[in-house]
Amino acid sequence: MTRTITFANFKGGTGKTTNAVLFAYTLARKGYRVLLIDKDPQANATTFLLKTYLQDHEEPPAFDRYMLDGVKAGNLKSTIVSIRENLDLIPNTPTFHLYPKFLQKKFPGMSMQAERDRIFYFNELIDPLRADYDFILIDVPPTISDITDAALAATDYVLLVLQTQESSLDGAEVFVSYLQELIDDGKANLDIVGILPVILKADSRVEQATMQNAEAIFGKENLFENHVKTMERIKRFSSVGISNDDQHDHKVHNLYDAIIQEFMERIAELEEE
Ligand SMILES: Nc1ncnc2c1ncn2[C@@H]1O[C@H](COP(=O)(O)OP(=O)(O)O)[C@@H](O)[C@H]1O
Ligand SMILES: [Mg+2]
């Protein structure tokens, strides 16, 4: 059974892409077949994974088709790039900002049906890919937009990345009620698999206050027990790609092994209900 996971947060720049890529890498390393779809015109996940590919190869992979080419052709298969064993990517470029315009042209008008067609077109495109993967992970832009809505319409689970630097958690409840609205309108059928805290400075008071607020708002059971820590090596991965050689690499991979184990347990629990 394929699960489609979208990485989201309440504010931009909080580690969505980094976590989408590290989840994809770790799940693939554990033997799951993974596709990461880069749906952000900033294409950070694409750059991140192409650099990871270059960790094992002299030359970049040969490809000349991106997300938008597949969307226009009505077939995403020809845009898939293999990064490592079990890990594929649908790459993106800044031209993807034309995606909402393309959808407007393909499904014109203001009717409810046209709006639904625009939102669900992406879901239709990934349907034929589902059989090939255990996990399809989607990295989205930092704002709520047509691009994000279409990703959520195709999503089974949202993973919320919470940077604990912001004590107020402004936007958190708004975002969660936005998800609920999509569900109520029949535009999404998803669960929140959990809120993954990204700790910037351990032991700071702001962080502790944020965690307490988050527990009060979402319930302790909805927060991952494992936290992502700020690690120089994680930052480095995004500029040189993911490696798995020295002890600093291993420390990151050990952390993500634990996070993925918890992630799998959370999914199993949700699917038991
Ligand atoms: N755990 C971490 N430790 C150190 N740096 C991190 C960590 N997570 C993210 N970063 C850095 O923070 C910046 C923003 O992360 P990114 O994943 O691109 O956020 P988003 O996709 O939400 O905009 C990047 O430079 C990234 O390398
Ligand atoms: Mg990003």
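How many aromatic pairs does the structure hold? The structure holds 9 of them, where rings of Phe, Tyr and Trp (its six-membered ring) pair if their centres lie within 6.5 Å, and planes under 30 degrees apart count as stacked, over 60 as edge-to-face and the rest as tilted. This is a predicted model, in which local features need pLDDT of at least 70 and side-chain atom pairs count only at pLDDT 80 or more, while totals for chains, interfaces and linings use all residues. Residues are numbered from 1 along each chain as its sequence is written, chains are lettered from A and ligands numbered from 1 in the order in which they are written, and side-chain values use heavy atoms, with hydrogens and water left out.

**Aromatic rings**

- Tyr32 and Phe135 make an edge-to-face pair, with 5.5 Å centre to centre and 85° between the planes.
- Tyr32 lies in the loop between helix H1 (16–29) and strand E2 (34–38) and Phe135 in strand E5 (residues 135–139), so their pair ties together parts 103 residues apart in sequence; helices (H or I, at least four residues) and strands (E, at least two) are DSSP runs, numbered from the N terminus.
- Phe135 is buried at 1% relative accessibility, whereas Tyr32 is partly exposed at 28% (buried means under 20% relative accessible area, exposed over 50%, partly exposed in between, with a 1.4 Å probe and protein chains only).
- Phe63 and Tyr66 also form an edge-to-face pair, since their ring centres are 5.3 Å apart and their planes are at 70°.
- One aromatic cluster is made up of Phe7, Phe23, Tyr32, Phe135, Tyr256 and Phe263.

**Charges over rings**

- Lys39 places its charged end over the ring of Phe122, 4.0 Å from the ring centre; a charge sits over a ring if NZ of Lys or CZ of Arg is within 6 Å of the ring centre and within 35 degrees of the ring normal.
- The charged end of Arg266 likewise sits over the ring of Phe224, 4.9 Å from its centre.

**Around Ala150**

- Ala150 belongs to helix H6 (residues 146–153) and is buried, with a relative accessible area of 0%.
- Leaving aside neighbours within four places in sequence, Ala150 is in contact with Lys39, Tyr99, Ile119 and Phe122, contact meaning heavy atoms within 4.5 Å.

**Positive phi**

- Most residues other than glycine have a negative phi.
- Ala43 has a positive phi near 60° and is found in the loop between E2 and helix H2 (44–56).
- Asn86 has a positive phi of about 70° and lies in the loop between strand E3 (81–84) and strand E4 (87–90).

**Pockets**

- On a 1 Å grid over the protein atoms alone, a pocket is an open set of points where a 1.4 Å probe fits, with protein on both sides within 12 Å along at least five of seven lines, and lining residues have an atom within 4 Å of a point.
- The largest pocket has a volume of about 640 Å³, a volume being the space filled by probe spheres set on the points, which are joined across faces, edges and corners.
- Of the 27 residues lining the largest pocket, Thr14, Gly15, Thr18, Lys235 and Ser238 are the closest to its centre.
- The second largest pocket holds about 390 Å³ of space and is lined by 20 residues, with Glu221, Asn222, Leu223, Glu262 and Arg266 nearest its centre.
- The largest share of the lining of the second largest pocket, 6 residues, comes from H10.
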